[in-house]
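Subject: Structure handover

Hello,

Please find the structure below. My notes on what was found in it follow.

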Amino acid sequence: MEVNEYIQTLPEERQAAVLALHSLILSNDHSVKAKLSPMMGKIMIRYDQGETFKYALAGENKQLTLHCMPIYCNTRFKDKYLALLTGVKVQKGCINFVGKGPLPFKVLADLIAECAAVDMPSITAGQKEHRK
């Protein structure tokens with residue numbers, strides 16, 4: 001199954017938002033490629049930088065979730081965007097959109113554009129080296 005086919009299988013009320021976020025990620029971070037991948041017991045749209053996980057979108061649960069590894073690894077990003085993203089729940093690197101209001105696409109575009117400069121393969125390589 002391709003990403004666009006997967007989006008069509010999501011609850012109808014979430015399809016437009018997931019498609020918009022998918023397009024936003026791809027247009028603001030050219031370093032990633034999208035694919036479907038099992039994560040946390042669900043199929044998600046996973047965005048890898050090289051072979052390294054950077055973002056994921058999940059829309060099967062009760063809310064829409066953007067997994068954003070750069071905010072998990074960088075408290076400056078997390079603090080900055082938590083102040084700008086209202087009406088969300090954040091857990092580590094997950095931004096859960098729990099309300100029924102419109103998504104803050106301008107803030108999310110800025111977040112992804114800023115995260116585009118983050119080199120996740122280098123960060124994860126450094127973490128693996130540090131654990132040795």
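A residue counts as buried under 20% relative accessible area, as exposed over 50%, and as partly exposed in between (1.4 Å probe, protein chains only). This is a predicted model: local features need pLDDT of at least 70, side-chain atom pairs count only at pLDDT 80 or more, and totals for chains, interfaces and linings use all residues. Residues are numbered from 1 along each chain as its sequence is written, and side-chain values use heavy atoms, with hydrogens and water left out.

Overall form

The protein has 6 helices and 6 strands, where helices (H or I, at least four residues) and strands (E, at least two) are DSSP runs numbered from the N terminus. Their order from the N terminus is α-α-β-β-β-β-α-α-β-β-α-α. The radius of gyration is 14 Å, which agrees with the value near 14 Å for a compact globule of 132 residues; this radius is taken over C-alpha atoms, and the globule rule is 2.2 Å times the number of residues to the power 0.38. Along the principal axes, the C-alpha atoms fill a box of roughly 45 × 35 × 25 Å. Of the 132 residues, 41% count as buried. Contact means heavy atoms within 4.5 Å; among contacts between residues at least 6 apart in sequence, 50% join residues at least 24 apart.

Two residues

Tyr55 lies in strand 3. Tyr55 is classed as buried because its relative accessible area is 0%. Leaving aside neighbours within four places in sequence, Tyr55 has contacts that include Ile25, Val32, Tyr47, His67, Ile112 and Cys115. Val90, in strand 5 (residues 88–91), has a relative accessible area of 25% and is therefore partly exposed. Not counting residues up to four places away in sequence, Val90 touches Lys78, Leu82 and Ile95. Val90 and Leu66 are 24 residues apart in sequence and 9.6 Å apart in space, C-alpha to C-alpha.

Helix 5

The buried residues of helix 5 (residues 105–115) are Val107, Leu108, Ala109, Leu111, Ile112 and Cys115. Their cover includes helix 2, strand 3 (52–58), strand 4 (64–68), helix 3 (69–73), helix 4 and strand 6 (94–97).

Cavity and pocket

Both terms refer to a 1 Å grid over the protein atoms alone: a cavity is a set of points where a 1.4 Å probe fits but cannot get out, a pocket is an open set with protein on both sides within 12 Å along at least five of seven lines, and lining residues have an atom within 4 Å of a point. Grid points are joined across faces, edges and corners, and a volume is the space filled by probe spheres set on the points.

The whole structure has 1 cavity of 30 Å³ or more. The largest cavity holds about 40 Å³, and its lining includes Val90 and Leu111. Helix 4 (residues 75–84) gives the largest share of that lining, 4 residues. By class, the cavity lining has 8 nonpolar, no polar and 1 charged residues; Ala, Val, Leu, Ile, Met, Phe, Trp, Tyr, Cys and Pro count as nonpolar, Asp, Glu, Lys and Arg as charged, and the others, Gly among them, as polar.

The largest pocket has a volume of about 330 Å³. Among its 13 lining residues, the closest to the centre are Glu13, Arg14, Gly99, Lys100 and Gly101. Helix 2 (residues 12–28) supplies the largest share of the pocket lining, 3 residues. The pocket lining has 6 nonpolar, 3 polar and 4 charged residues.

Regards
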